[in-house]
Amino acid sequence: MDLLAQSVPILLKGMAITIFLGVTSFVLGFGLGGLIALARISRFTLLKALAIVYVSVFRGTPLLIQIMLVYFGLPQLGIQMSPVPSAILTFTLYSAAYLSENFRGGILAVEKGQWEAAGSMGMTYSRTLRRVVFPQALRIATPAIGNRFIALMKDTSLASVVTVVELTRVAESVGSSTFRYVEAFVVAGAVYWLINSVLSVGQEVLERRMGRAYA
Amino acid sequence: MTDDVAIHAQGLHKRFGDLEVLKSVDLTVRSGEVVVIMGPSGSGKTTLLRCLNLLEEPDAGSITVRGRTVSCSGPRQSRGRRRLIRDIRVRTAMVFQQFNLFPHMTALQNVIEGPIHVRRLPRSYAIEVGERLLARVGLTDKRDEHPARLSGGQKQRVAIARALAMEPEVILFDEPTSALDPELRAEVLQAIKNLAAHGMTMVIVTHEIAFAREVANRVVFMDKGYILEEQSPSVFFSNPANTRIRSFLRLMSDSGPHPELEEAS
């Protein structure tokens, strides 16, 4: 048990890295996903086609392949990246594909009458999006977006294969140096669960707050 | 009533796929006039109304609002044309059958949205005007309620205040009471009558015959994509020239909720 107790600081550090990977990639993916959703619903055919191809590629291939391709593949093209930035880049691209579909679903679920009411008062397209459609779409998409955030938190464990010392990799090394694999992985799993429980509560609070106007 | 033309629509055609909904429609609405459009369902009355502020793009024809003309035969997507359409929409407010209030905003926020974000009025001024308009439709105490907390009649009155807040040349009403329970219709009709008394120019698609008789300067009867008749309400309801109109009015009176029609026919 002593050996494991000694591992607490390094486990905490791994946890911090995991949270950092998840939160950063989610925030960046949220922004990129929003842009992709806009392209996807735009009336410009080229933008729309690019968005469709993007989503198809990043949603249709394994995340592990994307991670390794970015980390091992980019240097071959002369682009060097340290493990953490390369992992964040991959997670961002990957979650943007999913989030863009969540946004699109939310936007499409906003009633046509809302567009018409805004249009009939002379609002521009972009202002209609900002003032009328997005606030409603975001509320509709919140459960799906919350799911995505939680899934991403767990997906960050794949960064361990490109030497990022996050929670999973810490657990692995603690396990191999102490031969207490069960304890190490159970603790790591519990920490993921704890992080995601906090996210779930946050999602619930957000949903309740946004639903208040509709009660 | 002045002789200024508020809206002039000329040669409007509109088809949805194989269905020709408007076949060459001309309509002129003068300032201060209240025009009621009636007709059987599928006659094109709602489409005509929606074409007047280009919520629906006609396939041919032109719309002129206060001297600004949008033609529907030339190229569609130019920047200048889009701006012109927005300009026409600012001048022609619309009240919808399904209200279409913004559910994430309170009653007051709904009313001041256009003034602040389209007309660029200072916020404090917009609030002042918005409160006055809510008072005018009798909803001062609902100022901070979201639409979900309002009855259908209250929602529609907020929608009317929202339309007024744009200070439009014309308000277009698309069956404003059709989605309401009978006991809620009166309050909305009363609000519209008040506007008429104040000289507001309005085009109203409705099935409310008693209301049309009282408020309209002119009744436009549409059938199968044409305007069949334009007439003063007294002549239209008591002595309709056309057999189509007579059978329509008979049908409306048979269907129950318009007992006042008995005397008309």
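Reader: What covers the buried residues of H9(A)?

Author: In this predicted model, the cover includes helix H2 (8–41), helix H7 (125–155) and helix H8 (167–178) of chain A. Among the buried residues of H9(A) are Ala184(A), Val191(A) and Gln203(A).

Reader: How many aromatic pairs does a search of the whole structure find?

Author: Eleven, over all chains.

Reader: Why is the pair of Tyr181(A) and Phe185(A) called stacked?

Author: Their ring centres are 6.3 Å apart, and pairing needs centres within 6.5 Å. Their planes stand at 15 degrees, and under 30 degrees counts as stacked. So the pair is stacked. Both residues lie in helix H9 of chain A, four residues apart, about one turn of the helix.

Reader: What makes Tyr181(A) partly exposed?

Author: Its relative accessible area is 37%. Buried means under 20% and exposed over 50%, with partly exposed in between. So Tyr181(A) is partly exposed. Phe185(A), at 39%, is partly exposed as well.

Reader: How do you know that Phe221(B) and Phe248(B) are edge-to-face?

Author: The angle between their planes is 65 degrees, with 5.2 Å centre to centre. Over 60 degrees counts as edge-to-face.

Reader: Which parts does this pair tie together?

Author: Phe221(B) lies in strand E9 and Phe248(B) in helix H9 of chain B, so the pair ties together parts that are 27 residues apart in sequence.

Reader: Why is Phe248(B) called buried?

Author: Its relative accessibility is 6%. The cut-off is under 20%, so Phe248(B) counts as buried. Phe221(B), at 0%, is buried too.

Notes. Residues are numbered from 1 along each chain as its sequence is written. Chains are lettered from A and ligands numbered from 1 in the order in which they are written. This is a predicted model: local features need pLDDT of at least 70, side-chain atom pairs count only at pLDDT 80 or more; totals for chains, interfaces and linings use all residues. Side-chain values use heavy atoms; hydrogens and water are left out. Buried means under 20% relative accessible area, exposed over 50%, partly exposed in between (1.4 Å probe, protein chains only). Helices (H or I, at least four residues) and strands (E, at least two) are DSSP runs, numbered from the N terminus. Contact means heavy atoms within 4.5 Å. Rings of Phe, Tyr and Trp (its six-membered ring) pair if their centres lie within 6.5 Å; planes under 30 degrees apart count as stacked, over 60 as edge-to-face and the rest as tilted.
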